[in-house]
Amino acid sequence: TRIVPRKKIELAIDFSFELERKFNKEGQKKCVVLMVSGHSGDEQVEYKRFLWNYYENRLVNNPDSNIIMLFGEDIILSHRDIIVDKKYYKFDEIPSIISANGGLGTYFSEIEGYGNNLLEMISFGLPVVINKYEVYKQEIEPLGFIFPSVENLILNEDVVNRAFEILVDIKTRNQVVKHNLDILNKKLDHRIIAEKMLPLIINMFTKKL
């Protein structure tokens with residue numbers, strides 16, 4: 001996601017530390033990597049600095065932690081960038097790369113107009129941990145997707161446990177991914193949206209004689 005304050009990326013940092021704690025509790029020593037894939041832009045340099053300081057403070061308070069945070073904007077292109085002489089990944093490739101390597105997406109945003117990035121992650125077979133923002137609760141939650149989730153940006157043990165299960169149990173992961181893809185195809189497929197929009201477009205651009 002883009003590096004803007006409403007995305008609440010600091011909660012993803014907290015989640016990473018809680019997830020590592022869960023792995024350790026289960027006797028599995030893991031290096032947890034949090035990759036922030038989006039761009040900050042000049043206007044958000046302060047928030048990016050805040051995130052880095054927040055992460056370093058968590059490390060100071062948890063000296064045995066093995067959490068790595070990466071900002072991908074130096075090697076991930078937005079649609080406006082031009083490749084010159086470096087190896088880059090495209091922004092829209094990232095969900096599939098994370099999915100193929102058995103990872104999770106996080107979507108702890110506080111405010112969203114709808115949630116297109118959320119739907120994009122689902123379409124790439126990526127399980128997602130979310131914060132239930134208002135539009136999600138009104139428009140998306142009734143569709144029946146499965147997401148480990150928090151409300152009011154408050155992490156709890158249940159969401160960490162559910163995320164852990166998705167990461168370590170391939171059967172559970174496949175069930176969640178297939179369930180979410182099925183709902184995406186049945187409820188939000190491009191064909192369905194086009195059929196619903198067609199009468200509106202005809203009404204807007206044609207005159208009754």
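Q: Before we start, what makes two strands count as a pair?
A: Two strands pair if DSSP finds at least two bridges between them. The structure here is a predicted model.

Q: How does the chain get from S5 to S6?
A: The chain passes through H4 on the way, and this β-α-β crossover is right-handed.

Q: And what about S6 and S7, how many bridges there?
A: Two bridges connect S6 with S7, residues 149-150, and they run parallel. Here Ile130 is opposite Ser149. S6, helix H5 (residues 134-140) and S7 form a right-handed β-α-β unit.

Q: Switching topic. How much space is in the largest pocket?
A: About 970 Å³. The lining has 41 residues, and those closest to the pocket centre are Val33, Met35, Ile98, Leu104 and Gly105.

Q: Which elements give two or more residues to that lining?
A: Helices H1, H3, H4 and H6, plus strands S1 and S5.

Q: Which one gives the most?
A: H1, which spans 9-25, gives the most, with six residues.

Q: What classes of residue line the largest pocket?
A: The lining has 25 nonpolar residues, 11 polar and five charged.

Definitions and conventions: Residues numbered from 1 in each chain as written. Predicted model: local features only at pLDDT ≥ 70, side-chain atom pairs only at ≥ 80, totals over all residues. Heavy atoms only, no water. 1 Å grid on protein atoms, 1.4 Å probe; cavity = no way out; pocket = protein on both sides within 12 Å on 5 of 7 lines; lining within 4 Å. Points joined across faces, edges and corners; volume = space filled by probe spheres on them. Helix = DSSP H or I, 4+ residues; strand = E, 2+ residues; numbered from the N terminus. Nonpolar A, V, L, I, M, F, W, Y, C, P; charged D, E, K, R; others polar. Right-handed = clockwise from strand over helix to strand, strands pointing away.
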